[in-house]
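Please read the following points with the model open beside them.

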Amino acid sequence: MPTTKDSKKRMNEEVQKAVAEGNAYLANEITANVMVGTTMIIIVGMMLLCLVLNEVGVFTADRHLMRLAVLLALIVEVPITILNSIYVGTKSWLKIPLMVDLILVCAILAAVLGHNVTLVMVFPMVVSTRYFDEKYTQNVAILTAVVFAVAAVICGYFGIMNLNMIKFPDGVTLTVLPGQTLRDAIVAAGYDKNRYVLSLFVNEFIPRVLIFLSLSVSCRFVASRGKRMVDLQAETAKKTSRIEAELDLATKIQNSMLPCIFPAFPGHPNIDLRAVYHPAKEVGGDFYDYYIIDKNHVGMVMADVSGKGVGAALFMTISKTVLKNQLQMGLSPAEALTNANAQLCENNDAGLFVTCWAGVYNTETGVLTFVNAGHNPPVIIRKGQDPEYLEQKSGFVLAGMDGFRYKEQEITLSAGDEMFFYTDGVTEATNRRNELYGEERLLTCLNSCMNCTIEQQLVLVKADIDKFVDGAEQFDDITIMGMRITE
């Protein structure tokens with residue numbers, strides 16, 4: 001027989017398997033079966049405690065009857081408990097013997113204790129609602145009523161199950177002595193048989209039946225409500241699964257749109273350019289790009305679309321395509337961003353915008369012509385010098401103002417010089433104390449890897465960000481790109 005730890009592990013595995021297969025009812029039934037089995041063990045444990053208390057004189061029930069009841073409960077409970085432990089609730093048929101055993105154990109408990117019989121009667125029915133099956137709960141209620149009716153007749157004949165504690169109007173307490181039947185006790189008490197039957201019917205059975213019926217209706221309603229909730233969860237799970245599949249496809253499509261062949265410019269071995277992208281969600285709005293314009297010019301872009309998720313990803317796709325088309329036409333960065341801004345402003349009902357840094361590098365002269373449209377300033381690392389932020393003038397964001405004309409700037413890069421581009425997800429990365437990673441920490445990190453390759457530099461920066469945030473949730477996309485002019 002498996003241990004409790006093994007059983008729990010197997011149950012969790014079966015539940016997860018059922019959930020993965022979209023079978024919410026099976027997952028619920030497995031946990032319900034285990035719960036009913038555990039409930040039976042608790043009830044039998046209570047009966048054993050009652051037996052001990054009765055033996056020491058705390059209770060006054062008939063000792064032989066109490067011992068017999070505990071023995072019967074164990075005979076009823078042990079086999080099905082073993083089966084339930086072996087199958088850990090995974091067999092659908094288990095719910096039938098489990099509930100039958102629970103009803104029998106409750107009937108035995110009610111017979112022994114003699115009080116609060118109605119509470120014990122409704123217990124199986126209440127537990128059955130955990131299966132979220134209205135018909136099943138109804139059948140449990142019918143079976144419970146039949147079993148307890150039979151038990152009432154049997155126990156009534158022997159004067160137990162609270163029937164020997166009825167107070168009659170004249171103050172006579174009916175007591176059934178050992179060896180007497182209930183009828184013998186009535187005759188011995190000199191009480192009118194018909195009046196007793198009427199008293200028993202009115203004071204005992206009618207209230208219990210009414211309570212049982214009202215609780216039966218309530219339990220059926222709970223089971224029905226639970227079924228609707230399971231249906232809703234199943235439907236939600238299907239939708240979630242479909243959305244996750246679509247987002248996974250969108251992630252693959254978006255990642256495939258970002259260039260990933262490095263070195264970026266095989267025809268220009270003196271330019272080492274690499275980039276990495278880490279979205280905050282399945283899809284995001286950051287993007288980078290690079291391309292060969294002609295034999296003497298290469299282009300590079302680092303951009304960040306406002307917002308997160310699918311909307312930003314769609315706008316990212318449009319923005320990336322528009323910018324690439326403009327720059328690959330051979331236009332200057334200023335002309336390319338001016339035209340791109342005009343196109344992105346058209347029908348921009350969502351009000352999204354793009355911060356962008358775009359540059360064109362002349363491989364013969366070493367001149368880098370660039371435009372900054374509201375983006376974070378890149379870091380320039382001159383050979384042998386400390387990293388510093390590039391001094392520049394920033395224009396307005398793309399798709400923010402129709403008709404805006406951008407102005408370009410120039411710098412000259414020599415062998416050994418580096419550029420580091422990033423989105424605000426880097427400097428605005430937040431740790432558990434709500435502190436920002438910040439610009440100074442980025443410079444410190446870059447300064448610590450002056451002799452690194454560009455690939456090592458990108459890895460180090462991401463690792464430093466991860467160390468800083470210390471497991472805090474990533475709220476913004478992180479995109480970084482490095483470029484070095486080699487000898």
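1. In this note, a residue is buried under 20% relative accessible area, exposed over 50%, and partly exposed in between (1.4 Å probe, protein chains only). This is a predicted model, in which local features need pLDDT of at least 70 and side-chain atom pairs count only at pLDDT 80 or more, while totals for chains, interfaces and linings use all residues. Residues are numbered from 1 along each chain as its sequence is written, and side-chain values use heavy atoms, with hydrogens and water left out.

2. Helices (H or I, at least four residues) and strands (E, at least two) are DSSP runs, numbered from the N terminus. Helix α10 covers residues 333–345, and its end C-alpha atoms lie 18 Å apart.

3. The buried residues of α10 include Pro-333, Leu-337, Asn-341 and Cys-345. The buried residues of this helix pack against α9 (309–328), β4 (354–362) and β5 (367–373), contact meaning heavy atoms within 4.5 Å. Just after α10, Asn-347 has a positive phi of about 55°.

4. Strand β5 is mostly covered, with six of its seven residues buried. Two strands pair if DSSP finds at least two bridges between them. β4 and β5 run antiparallel and are joined by five bridges, with Ala-358 opposite Val-371 in β5. Four residues lie between the strands of this hairpin, where Gly-366 takes a positive phi near 80°.

5. β5 also pairs with β9 (residues 409–412) in the antiparallel sense over four bridges; here Phe-370 stands opposite Gln-409. With β8 (residues 394–395), β5 pairs in the parallel sense over two bridges, and Ala-373 stands opposite Gly-395.

6. The structure holds eleven aromatic pairs. Rings of Phe, Tyr and Trp (its six-membered ring) pair if their centres lie within 6.5 Å; planes under 30 degrees apart count as stacked, over 60 as edge-to-face and the rest as tilted. Phe-262 and Tyr-290 form a tilted pair, because their planes meet at 45°, with centres 5.8 Å apart. Phe-262 lies in the loop between α8 (193–257) and β1 (271–278) and Tyr-290 in β2 (residues 286–294), so the pair ties together parts 28 residues apart in sequence.

7. Phe-396 and Phe-404 form another tilted pair, 6.2 Å centre to centre with 45° between the planes. Phe-396 is partly exposed at 36% relative accessible area, and Phe-404 counts as partly exposed at 25%.

Definitions and conventions. The expected span of a helix is 1.5 Å times one less than its number of residues.
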